[in-house]
Amino acid sequence: MLWAPLLATLLLVLAGAFPARAAASDAVSACALRGTTGWTDEGHDTDYSVFRRPTGTVRVGMIFVDFPDAPATEAPADDAAQITPGADWLWNASYGKVWLAISQHRQWVRMPHASTDYGFARGLTHEAHEAYIKDAVAAADPYVDFSRYDMLYVVPTRNASAISFTPTYIHDPATVGVRADGTLLKWAVTFGQDMWHWGPKLVAHETGHTFGLPDLYAFTGADAHRFVAGWDVMGLIGGPGSQYFAWQSWKLGWTADGQVVCRASAGSDTVYLTAVEYGSGTKMAVVRTGPTTAYVVESRRAVQADGGVCSTGALVYKIDTSVQTGQGPVQVVDAKPYATPAAGCRPLDDAPFWAGESFTDAAAGVRVEVLAADGYGETVRVTKW
């Protein structure tokens, strides 16, 4: 009978088009990709002999500096108020896993050199940055016991326009580093004039580097925010949806293994994801595509400054732990590049996927479908073949 071989052929075709569902999702460890850059990347093997563990209370000493060519005319408290709310922001973003206990030493200490002598205009080398911190520590040492702190924040007077930007310092284990009161100061953030633009979220961005997180904006090219737009504070700090990606929260230990669904082998998983802005529930589904690559899907509820909620949906992005900081280790999939935002909401590039929409990367053998949505998250199906 001719229909028998035709039916068998049809079944084989369908089997290839719709892979069989695995009995269960894979072990979460199968999706915890290792980093290969040797520095800050999206790998789960952060070297905590170099970086600060992102849990518990971090004791931060905050000192205030001015300069012979830029004496302070404002109160230290005025400058501190611009950034200290970042501790609360980080507490919320980490689901209560990290608290920055900031001790402010509210007096100006005079740096020994002019603000223009410290090299910020030339981009600032690690050595020049360390020299700046050493001068600040030496100036404050008569008044500050540095042995009390895990981390240092150095805040310059607003009058020091030459201290233009905010870099993070991480001690190089091969060097002597900065020492005071019998303590090696391994981590510091030296704030610059950009703190008056970025505000408290700058604390989360720069302190994130001390935890081992890379920059997600582009170091080169005309569009610095082409990789993740405004979806992560390690990218566009002031983005309307800036939070930490669920992947980064997992990497940092803020999201537990039990809140992650891993698909590393062929099969499919249907999962309800609660938005990353909420602490409970399943936070993400990961589809591993290679030794250093994966797709991640998470739910977002991007809250605007005016309290309005927009750009909600399932965010899909690609992780590559072999890509260096500033080169695009995370890249968001652009679902609706020309989407019109809801009334009262600013547009976000790389808008998320809504119920009924899907994404397929045939070359990687990955499909993401958004099956349903409510006020707290999305139900998605992830498939690998």
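Author: Two notes before you start. This is a predicted model, in which local features need pLDDT of at least 70 and side-chain atom pairs count only at pLDDT 80 or more, while totals for chains, interfaces and linings use all residues. Residues are numbered from 1 along each chain as its sequence is written, and side-chain values use heavy atoms, with hydrogens and water left out.

Reader: Fine. How many helices and strands does the chain have?

Author: Helices (H or I, at least four residues) and strands (E, at least two) are DSSP runs here, numbered from the N terminus. On that basis the chain has seven helices and 16 strands.

Reader: And what percentage of the residues is buried?

Author: Buried means under 20% relative accessible area, exposed means over 50%, and partly exposed is in between, with a 1.4 Å probe and protein chains only. The chain has 385 residues, and the buried share of them is 52%.

Reader: What share of the contacts is between residues 24 or more positions apart?

Author: A contact means heavy atoms within 4.5 Å. Taking the contacts with a separation of 6 or more, the share from residues 24 or more positions apart is 68%.

Reader: Which residues does the disulfide join?

Author: A disulfide is a pair of cysteine sulfur atoms within 2.5 Å, and the structure holds one. The S to S distance in it is 2.0 Å, and the pair is Cys31 and Cys262.

Reader: Is the disulfide right-handed or left-handed?

Author: Look at the torsion about the S-S bond of Cys31 and Cys262. It is about 80°, so the disulfide is right-handed.

Reader: On to the largest pocket. Which helix gives the most to its lining?

Author: On a 1 Å grid over the protein atoms alone, a pocket is an open set of points where a 1.4 Å probe fits, with protein on both sides within 12 Å along at least five of seven lines; lining residues have an atom within 4 Å of a point. The largest one has a volume of about 620 Å³, that is, the space filled by probe spheres set on the points, which are joined across faces, edges and corners. Its lining has 29 residues, and Pro167, Thr168, Glu206, His209 and Asp215 are the closest to the centre. With four residues, the one that gives the most is helix 6.

Reader: So is helix 6 mostly covered or mostly open, and how many of its residues are buried?

Author: Helix 6 (201-210) has Glu206 and His209 among its buried residues. Its cover includes helix 3 (86-93), strand 2 (98-110), strand 3 (151-156), strand 4, strand 7 (187-190) and helix 5 (195-198). Helix 6 is mostly covered, and of its 10 residues the number buried is nine.

Reader: Where is Tyr169, and which residues does it contact?

Author: Tyr169 is found in strand 4 and is buried, at 1% relative accessibility. Leaving aside neighbours within four places in sequence, its contacts include His126, His129, Glu130, Trp187 and Ala188.

Reader: What does Ala136 touch?

Author: Ala136 is found in helix 4, and at 0% relative accessibility it counts as buried. Not counting residues up to four places away in sequence, Ala136 touches Ile63, Val65, Met111 and Val154.

Reader: Last one. What is the phi of Ala229?

Author: Most residues other than glycine have a negative phi. Ala229 lies in the loop between helix 6 and helix 7 (246-252), and it is buried with a relative accessible area of 4%. Its phi is positive, near 50°.
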